[in-house]
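Here are my notes on the aromatic side chains. Please keep the structure open as you read.

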Amino acid sequence: MNKFFQKMKYKFGRYAIYNLSLHITLIFAIGYLLIMSPFGAYLYSNWLAFFPYQVLHGQVWRIATAILFPPVTSGSIIWAAICLLLYYNFASLVERMMGTFEFNVYFFGSILVGELGAIISYLITGINYPYLPIYTHFAIIMAFAIMYPDASVLLMFFIPLKVKWVAIAEAVIYLYNFLMGGIITKISIVAAFIPVVIFFLSVYGGGGNVISNFKFRMKQRQRQKDWRDQWR
């Protein structure tokens, strides 16, 4: 797995989008403004959202424009701005520690798996369910929790809570939605969790390290911190 990934990185790494966390946050901001207006919601639903039938009949741009669906879809602009800022903080840290190419694979790989699953579901059931990558967006928190399990976040902006407990609570919610939801919900959750599981095993499983230099970077950061602390 590690050798295959390194070959892919060597061959396609130059095509990775640098600072992807910033780009996708800006795209989400556009998506939020779009779906919050009646015309924009109509435009997204009818021409931009990922519907398997439309994609298989020539509207292939939906593969890319589906990403416009933001992680926050309600509330005021101020609330959306706060949520997107928090999302960017999480995503940028994850991208910095994973690496540019690795984060591109983590994010886009999940979306492509979800879209492929939606197409397979359509071919089997004949029902044209839309694929919305909402679970992929929040999978970023899972990756952050794997990297910084003891980091604290402020629940409701004033209650400190370790991010690992936030991730566990999120996983429980996803499990409930998986058991109670329809086929497209199950596909979306599986697509979101595939990169999370691979990343977790690469960091803690002792197998091939998909995220090639993560452990080295963490040890290097700890050595730098220890060196600074001894001079305080």
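1. Start with tyrosine 135. Its relative accessible area is 14%, so tyrosine 135 counts as buried. The cut-off for buried is under 20%. Keep in mind that this is a predicted model.

2. Now look at its partner. Tyrosine 174 has a relative accessible area of 6%, so this residue is buried too. Tyrosine 135 and tyrosine 174 form an edge-to-face aromatic pair. Their centres are 4.8 Å apart, with 85° between the planes. The pair joins distant parts of the chain, 39 residues apart. Tyrosine 135 belongs to helix H8 (residues 134–147), and tyrosine 174 to helix H9 (residues 163–180). Together with Phe193, Tyr135 and Tyr174 make one aromatic cluster.

3. How many aromatic pairs does a search of the whole structure find? The search gives eight. One of them is phenylalanine 28 with tyrosine 87. Their ring centres lie 5.4 Å apart and their planes meet at 75°, so this pair is edge-to-face. Phenylalanine 28 is in helix H2 (residues 20–35) and tyrosine 87 in helix H6 (residues 77–98), 59 residues apart.

4. Are these two buried or exposed? Phenylalanine 28 is buried, at 0% relative accessibility. Tyrosine 87 is buried as well, at 8%.

5. Next, a charge over a ring. The charged end of lysine 186 sits over the ring of phenylalanine 178. The distance to the ring centre is 5.6 Å.

6. Finally, the surface. Phe39, Tyr42, Trp47 and Trp61 make a nonpolar surface patch of about 510 Å². Tyrosine 42 lies in helix H3 (residues 38–48).

Notes. Residues are numbered from 1 along each chain as its sequence is written. This is a predicted model: local features need pLDDT of at least 70, side-chain atom pairs count only at pLDDT 80 or more; totals for chains, interfaces and linings use all residues. Side-chain values use heavy atoms; hydrogens and water are left out. Patches are made of residues with over 30% relative accessible area and no salt bridge: like charges are joined within 9 Å, nonpolar side chains (Val, Leu, Ile, Met, Phe, Trp, Tyr) within 5 Å. Accessible areas come from the Shrake-Rupley method with a 1.4 Å probe; for residues, only the protein chains shown count as cover. A salt bridge is a side-chain nitrogen of Lys or Arg within 4 Å of a carboxyl oxygen of Asp or Glu. Helices (H or I, at least four residues) and strands (E, at least two) are DSSP runs, numbered from the N terminus. Rings of Phe, Tyr and Trp (its six-membered ring) pair if their centres lie within 6.5 Å; planes under 30 degrees apart count as stacked, over 60 as edge-to-face and the rest as tilted. Buried means under 20% relative accessible area, exposed over 50%, partly exposed in between (1.4 Å probe, protein chains only). A charge sits over a ring if NZ of Lys or CZ of Arg is within 6 Å of the ring centre and within 35 degrees of the ring normal.
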